[in-house]
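I opened my notebook to look up a few things in this structure.

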Amino acid sequence: MNSHPDTAPDWQKAVFNVLKAGGVQQIAYVPDAGHSHVIRSAIADPDITDVVLTTEEEGVAVCSGAWLGGQRAVLLMQSSGVGNCVNMFSLLQSADLPFFTLVTMRGEYAEFNPWQSPMGQATQAALELMGIQVLRASKPEEVGEIVSAGFDAAFEAGAKVAVLLGQELIGRKKWERK
């Protein structure tokens, strides 16, 4: 997570701006480079509690508890974490709670790690099977609007929403070849 707030891509700044303007008070996450600006901004913001998770499904409970306590919370995770949450998503259906998550994608554009591909390819279907509406942003200029639309659907209309942030937003990882 080496992105300094001043050098973060504009799309990452747009994500945090939507959350801040929407009154988010808790941001739950497993550290992820694609969410680095939002994480660092949450840590620096005295009005937002950052909640570091040991596993992503804890974030579903954090967001649910925040809502029941009168606060808005968002779960940040990578697509591989969606697989960890499937059983916990039943809480959202059973209690009919709003939910908003931002998911950085793996297993797509220029993926070098074959372990990321199966869940990356199943992420959208897994979310939809659990009753979560899926929106996708793949171009930097569309991120702010799509995140804002998903945020409003969750917290104004009571929907369960995931915004998938395409792997091409983060860019190709450069690894030294053997």
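**Nonpolar core.** I looked up the largest nonpolar core and found 28 residues, of which Leu 19, Ile 27, Phe 100 and Leu 102 touch the most other members. A nonpolar core here is a set of buried Ala, Val, Leu, Ile, Met, Phe, Trp, Tyr and Cys residues joined through side-chain atoms within 4.5 Å. Buried means under 20% relative accessible area, exposed means over 50%, and partly exposed is in between (1.4 Å probe, protein chains only). At least two residues of this core come from each of α1 (10-21), β1 (24-29), α2 (36-44), β3 (72-78), β4 (99-104), α7 (140-155) and β6 (160-165). I note that α7 gives the largest share, seven residues. Helices (H or I, at least four residues) and strands (E, at least two) are DSSP runs, numbered from the N terminus. Apart from this core lies another, of 25 residues, including Met 105 and Ile 132.

The model is predicted: local features need pLDDT of at least 70 and side-chain atom pairs need pLDDT 80 or more, while totals for chains, interfaces and linings use all residues. Residues are numbered from 1 along each chain as its sequence is written, and side-chain values use heavy atoms, without hydrogens and water.

**Leu 102.** I listed the contacts of Leu 102, leaving out residues up to four places away in sequence; among them are Val 15, Leu 19, His 35, Val 74 and Val 163. Contact means heavy atoms within 4.5 Å.

**Aromatic rings.** I found five aromatic pairs. Rings of Phe, Tyr and Trp (its six-membered ring) pair if their centres lie within 6.5 Å; planes under 30 degrees apart are stacked, over 60 edge-to-face, and the rest tilted. How do Phe 100 and Phe 151 pair? They are edge-to-face, 5.7 Å centre to centre, with 85 degrees between the planes. This pair links strand β4 to helix α7, across 51 residues. Both Phe 100 and Phe 151 are buried.

**Helix α3.** Helix α3 (residues 57-68) has 12 residues and reaches 17 Å from first C-alpha to last, close to the 16 Å expected at 1.5 Å a residue. The expected span is 1.5 Å times one less than the number of residues. I found Gly 59, Val 60, Cys 63, Ser 64 and Ala 66 buried in α3. Seen down the axis, they fall within an arc of 160 degrees, so they line one face of the helix. The arc is that of the directions from the helix axis to the C-beta atoms. These buried residues pack against β1, β3, α4 (79-85), α5 (89-95) and β4.

**Asp 96.** Asp 96 has a positive phi of about 50 degrees although it is not a glycine. It lies in the loop between α5 and β4, and Asp 96 is exposed at 57% relative accessibility.

**Salt bridges.** I searched the whole structure and found four salt bridges. Each is a side-chain nitrogen of Lys or Arg within 4 Å of a carboxyl oxygen of Asp or Glu. Lys 20 meets Asp 45 at 2.8 Å, N to O. Lys 20 also bridges to Asp 47, at 3.4 Å between the closest N and O atoms. Lys 20 is partly exposed at 33%, Asp 45 is buried at 11% and Asp 47 is exposed at 54%. Arg 72 and Glu 156 meet at 3.1 Å, N to O. Arg 72 lies in strand β3 and Glu 156 in the loop between α7 and β6, so the pair ties together parts 84 residues apart in sequence. Shared partners join Lys 20, Asp 45 and Asp 47 into one network.
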